[in-house]
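Subject: Structure for you to look through

Dear colleague,

Please find below the structure that I promised to hand over. Have a look at it first, and then read my notes on what was found in it.

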Amino acid sequence: MLLYMSITLGGVEWVITVMGIAFNAVNVAVFVKQGFSDPVNISLLALTVSDLCSLVVILWSSLCYVQAFRDSAEIPLVADEVQLITGGWPHVTFTKVTAWITVFIGFERCLCVLRPLKVKSIITPNVTLFAMIAINFVALGCASFAYISLRVDWAFYPQRNMTVLRAVSNIPDSRTRESLDVVSYAINGVAIPIPSFFLVVACTGVLVIELRKKSSWRISNASADPTPMKSKLKAGGSKMTAVTTRDQRVVKMVILISGLFIGCYLPSTVVFLAATIEPELSYGGAYRNLYRISFATAFMAEAINASTNIFVYYKMSTKFRLTLNTLIIRKLKI
């Protein structure tokens, strides 16, 4: 188990995370440069910041599984316990933020294709900003439940025969602690992450179906009626034509982002669901080794998701590509 954790968290994931932090720093620079007048930019910037924070705490967790760091007698901490509280839990929190921002982005694009003439009055920059703040506030507030029962503090560690930093219980009574852990898991492991995953799936499905409908509609009308599309819009044509070419490109980009999210967050969703069915599948339960290996795999998949969005943006967004190229040229001139 420790060998697998060292290879994934302490090896492969370290490389992915370092690259991802650099890529997301570039994303932040691009979105800030583009400004905040477009709700999509605000959402994507919030998504990037969440991914960046997630990768930073993953980097710390990965360091705790590097054998030389974990086994060093000069570092007074129990790496496995400390990383759970200072790395694992914060990472899960930021992934929930990422998940719900992805839900919001998918929902906004669904409105764009279903109600193209009304979406700009519904999803304004102020509404988007409020939604991003609310998502972070709720996720961070719910995460605080996990810290009621445990904290990092100095305590005696028999294996080293010395006082080190490790996980220490805040609540002496085991029954009370277990009850709080059940409530915390119900909120942070079930109520928040699982619905977000299925909502992203639903929004992505709607976008794919509507995009295909509009593509089929355009093809059939283009072959049957030679009248230019702009003329049809001026004449008050179907709302099918109201979705601009730019909006279609954004929809395709959101589908790719959501698809990548679904693929990379599937492992953690399966683990959360399995742990709901089998309580012993937990950090300290009978199946703790399987639980830790499963989450090491899930963390690596989530790190890949947080690190690769830059390629989707660069491929699908002309505006992002031009802004990034401009920033690179300016940097080279300096």
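Helices and strands are taken here as DSSP runs, numbered from the N terminus, where a helix is a run of H or I with at least four residues and a strand is a run of E with at least two. Read in this way from the N terminus on, the elements of the chain follow the order α-α-α-α-α-α-β-β-α-α-α-α-α-α, and the totals are 12 helices and 2 strands.

Before going further, please keep in mind that this is a predicted model, in which local features need pLDDT of at least 70 and side-chain atom pairs count only at pLDDT 80 or more, while totals for chains, interfaces and linings use all residues. Residues are numbered from 1 along each chain as its sequence is written, and side-chain values use heavy atoms, with hydrogens and water left out.

**The chain as a whole**

A residue is called buried when its relative accessible area is under 20%, exposed when that value is over 50%, and partly exposed in between, with a 1.4 Å probe and protein chains only. Of the 334 residues in the chain, 45% are buried. The chain exposes about 16800 Å², of which carbon and sulfur atoms supply 69%; such areas come from the Shrake-Rupley method with a 1.4 Å probe, and for residues only the protein chains shown count as cover. If a contact means heavy atoms within 4.5 Å, then 73% of the contacts in the chain with a separation of 6 or more are between residues 24 or more positions apart.

A disulfide is a pair of cysteine sulfur atoms within 2.5 Å, and by this rule the count is 0.

The search uses a 1 Å grid over the protein atoms alone: a cavity is a set of points where a 1.4 Å probe fits but cannot get out, a pocket is an open set with protein on both sides within 12 Å along at least five of seven lines, and lining residues have an atom within 4 Å of a point. Grid points are joined across faces, edges and corners, and a volume is the space filled by probe spheres set on the points. In the whole structure, 2 cavities of 30 Å³ or more are found.

The largest cavity has a volume of about 110 Å³. It is lined by 14 residues, of which Thr95, Pro193, Tyr265, Ser268 and Phe272 are the closest to its centre. Two or more lining residues come from each of helix 4 (79–114), helix 8 (193–224), helix 10 (245–277) and helix 11 (288–316), and helix 10 has the largest share, with 5 residues. For the classes, Ala, Val, Leu, Ile, Met, Phe, Trp, Tyr, Cys and Pro count as nonpolar, Asp, Glu, Lys and Arg as charged, and the others, Gly among them, as polar; the lining of the largest cavity then divides into 8 nonpolar, 4 polar and 2 charged residues.

The second largest cavity holds about 40 Å³ of space, and its lining consists of Pro39, Val40, Ser43, Leu44, Phe104, Ile105 and Glu108. Helix 2 (39–64) and helix 4 are the elements that give two or more residues to this lining, with the largest share, 4 residues, coming from helix 2.

The largest pocket has a volume of about 1300 Å³. Among its 42 lining residues, those closest to its centre are Asp181, Tyr185, Ser282, Tyr283 and Tyr291. Helix 7 gives the most to this lining, with 11 residues, and by class the lining has 23 nonpolar, 13 polar and 6 charged residues.

Arg109 belongs to helix 4 and is buried because its relative accessibility is 4%. Leaving out residues up to four places away in sequence, Arg109 touches Val40, Leu207, Asp247, Val250, Val251 and Val254.

Asn309 is in helix 11 and counts as buried because its relative accessibility is 3%. With the same exclusion of residues up to four places away in sequence, Asn309 touches Leu47, Asp51, Ile257 and Leu260.

Asn161 lies in the loop between strand 1 (150–157) and strand 2 (162–169). This residue has a positive phi of about 55° although it is not a glycine, and at 60% relative accessibility Asn161 counts as exposed.

With best wishes
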